[in-house]
Amino acid sequence: MPEARPVEHFPMSRGRCPFDPPPELDRKLRDEPVSRVRIWDGSEPWLFTRYEDVRALLTDPRVSADPDRAGYPSQTPGVKARRSRFKSFIGMDEPEHSAQRRLLTGDFMVKKIQAMRPRIQQIVDELLDEMLAGPKPADLVQAFALPVPSLVICELLGVPYDDRDFFHRCSKVLVSREATAEESLAAAEELQGYLGRLVKKKLDDPADDVFSRLATGPVATGAMTVEEAAAMGQLLLVAGHETTANMIALGTVALLENPDQLAAVRDGDDALLANAVEELLRYLTIVHSGRRRVALEDLEIGGQTVRKGEGLVAATDVANRDETQFPEPDKLDVTRKARHHVAFGYGVHQCLGQPLARVELQVVYRTLYRRIPTLRLAAPVEELKFKHDMVVYGVHELPVTW
Amino acid sequence: MKVVVDQSRCVGAGQCVLVAPEVFDQRDEDGIVVLLRENPPAELHAQAKEAAQLCPALAIEVDG
């Protein structure tokens with residue numbers, strides 16, 4: 001009989017390379033692709049690491065994304081408390097999920113987002129003008145990586161950018177792995193109150209933005225409450241800047257550490273640039289603590305029988321390093337065919353904002369290295385503070401000079 | 001090749017429009033998939049297949 005391995009704690013710590021998933025996950029992918037792991041609340045969900053299994057799990061209609069179902073393996077006590085209190089479509093199943101998501105799909109569709117490209121370019125250029133006029137070294141996170149997606153999502157949603165210090169502070173608590181349920185709930189309540197007041201304001205004084213459309217549409221007709229609209233807004237605001245900001249900063253570290261890849265991004269055509277964005281999404285997979293589900297009935301995924309009520313975790317970060325899908329998976333190669341990665345998740349919950357993230361990252365990566373060809377780290381990479389403590393991976397600060 | 005889309009499953013992720021813009025579009029009012037060519041010519045087959053593979057909601061089927 002093979003020796004039973006002890007159940008390991010999940011998520012694991014990363015190893016020496018800041019871009020690679022934890023070595024233990026890599027081992028699981030090779031030797032033990034489906035296994036039980038222990039999470040913060042002591043429960044032991046199944047962890048799936050193979051690319052095909054992750055896709056099968058996330059498209060299976062017999063699994064639920066509802067955090068209130070018994071057995072659902074929440075990411076942190078904070079995420080559990082807040083998703084349960086402020087429900088949005090990320091934690092709903094069909095048909096409620098699609099009904100709510102469809103209120104927004106018009107605003108995030110490819111052609112609408114493509115039409116924002118000139119404005120995104122302008123935002124990027126202005127922020128770079130400011131950074132270049134300021135002192136060296138600069139913190140790329142504060143000067144550029146965080147402001148770009150914050151400004152863009154604020155304009156799209158209709159949130160005043162002047163209030164950014166407030167929602168950045170709330171948002172930081174919401175994505176922290178270390179925040180308690182109380183801290184997380186308090187931050188969510190503050191943000192919820194703020195966004196609720198904003199929705200009410202838009203009811204009386206609408207503009208051309210997502211919050212105004214929600215207010216004058218479903219909220220005005222009674223199809224949605226102010227609280228539901230605010231909860232939806234919370235998801236969009238936090239997800240809309242935390243993820244892209246981390247991709248900008250961490251992607252820059254990865255490219256600076258791989259100068260040949262950076263040169264290819266800087267000098268390549270638009271098709272290469274678009275592909276490079278997909279490869280960086282695959283390679284870095286910043287939403288790195290797994291997509292969570294619970295089984296609604298007994299079922300089999302990847303040869304493993306799962307019982308009703310058991311928690312399921314799809315490890316998208318290591319699935320994106322599955323060599324059956326991506327040869328030499330640990331190599332950053334901006335020319336590889338990478339578009340079928342699962343960094344945005346998969347299944348009906350796949351990221352709503354992905355067209356926006358793509359355009360932002362294309363504009364950013366292209367412009368940043370063309371305008372500042374001498375850009376370099378102002379501290380050794382070993383000294384950077386990586387976000388091991390956050391649900392979304394990245395760097396806390398990124399000192400750069402030129 | 002025959003392409004079939006199921007609009008009731010679509011979640012508007014937009015992947016099909018990115019890889020096969022000559023075969024798929026998104027409805028202006030809500031971003032839901034619209035099929036432009038039910039029988040795309042041979043030079044678009046690879047793109048249409050990739051769109052079906054990428055669709056997170058499994059709303060696209062290609063035959064042939």
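In the predicted model, 6 strands of chain A form an open sheet in the order β1-β2-β3-β9-β6-β4, with mixed pairing. Strands are DSSP runs of E of at least two residues, helices are runs of H or I of at least four residues, and both are numbered from the N terminus; two strands pair if DSSP finds at least two bridges between them.

The model is predicted, so local features need pLDDT of at least 70 and side-chain atom pairs count only at pLDDT 80 or more, whereas totals for chains, interfaces and linings use all residues. Residues are numbered from 1 along each chain as its sequence is written, chains are lettered from A and ligands numbered from 1 in the order in which they are written, and side-chain values use heavy atoms, with hydrogens and water left out.

Helix α1 (residues 23-31) of chain A contributes the buried residues Leu25(A), Arg27(A), Lys28(A) and Leu29(A). Buried denotes under 20% relative accessible area, exposed over 50%, and partly exposed the range in between, with a 1.4 Å probe and protein chains only. The buried residues of α1(A) pack against β1 (8-9), β2 (34-38) and β3 (46-48), and also against α15 (316-319), of chain A. Contact here means heavy atoms within 4.5 Å.

The pairing of β10(A) with strand β11 (residues 399-401) of chain A is antiparallel and extends over 2 bridges. There, Arg376(A) is placed opposite Thr401(A) of β11(A).

Leu273(A) lies in helix α14 (residues 270-284) of chain A. With a relative accessible area of 6%, Leu273(A) is buried. When residues up to four places away in sequence are not counted, Leu273(A) touches Val265(A), Gln362(A), Tyr365(A) and Arg366(A). One of these, Tyr365(A), is 92 residues from Leu273(A) along the chain, yet the C-alpha atoms of the two are separated by 8.2 Å.

As a whole, chain A comprises 16 helices and 11 strands. The radius of gyration of chain A is 21 Å, close to the 21 Å given by the globule rule for 402 residues, so chain A is as compact as a globular protein of that length. This radius is taken over C-alpha atoms, and the globule rule is 2.2 Å times the number of residues to the power 0.38. The C-alpha trace of chain A spans about 65 × 55 × 35 Å along its principal axes. Of the 402 residues in chain A, 59% are buried. Among contacts in chain A with a separation of 6 or more, 72% are between residues 24 or more positions apart.

Chain B contains 2 helices and 4 strands, arranged along the sequence in the pattern β-α-β-β-α-β. For chain B the radius of gyration is 10 Å, close to the 11 Å that the globule rule gives for 64 residues, so this chain is as compact as a globular protein of that length. Its C-alpha trace spans about 30 × 20 × 15 Å along the principal axes, and 50% of the 64 residues of chain B count as buried.

Strand β1 (residues 2-5) of chain B presents Val3(B) and Val5(B) on a covered face and Lys2(B) and Val4(B) on an uncovered one. In a regular strand the side chains alternate between the two faces of the sheet. The pairing between β1(B) and strand β4 (residues 60-63) of chain B is antiparallel and involves 4 bridges. Val5(B), on the covered face of β1(B), stands opposite Ile60(B) of β4(B).
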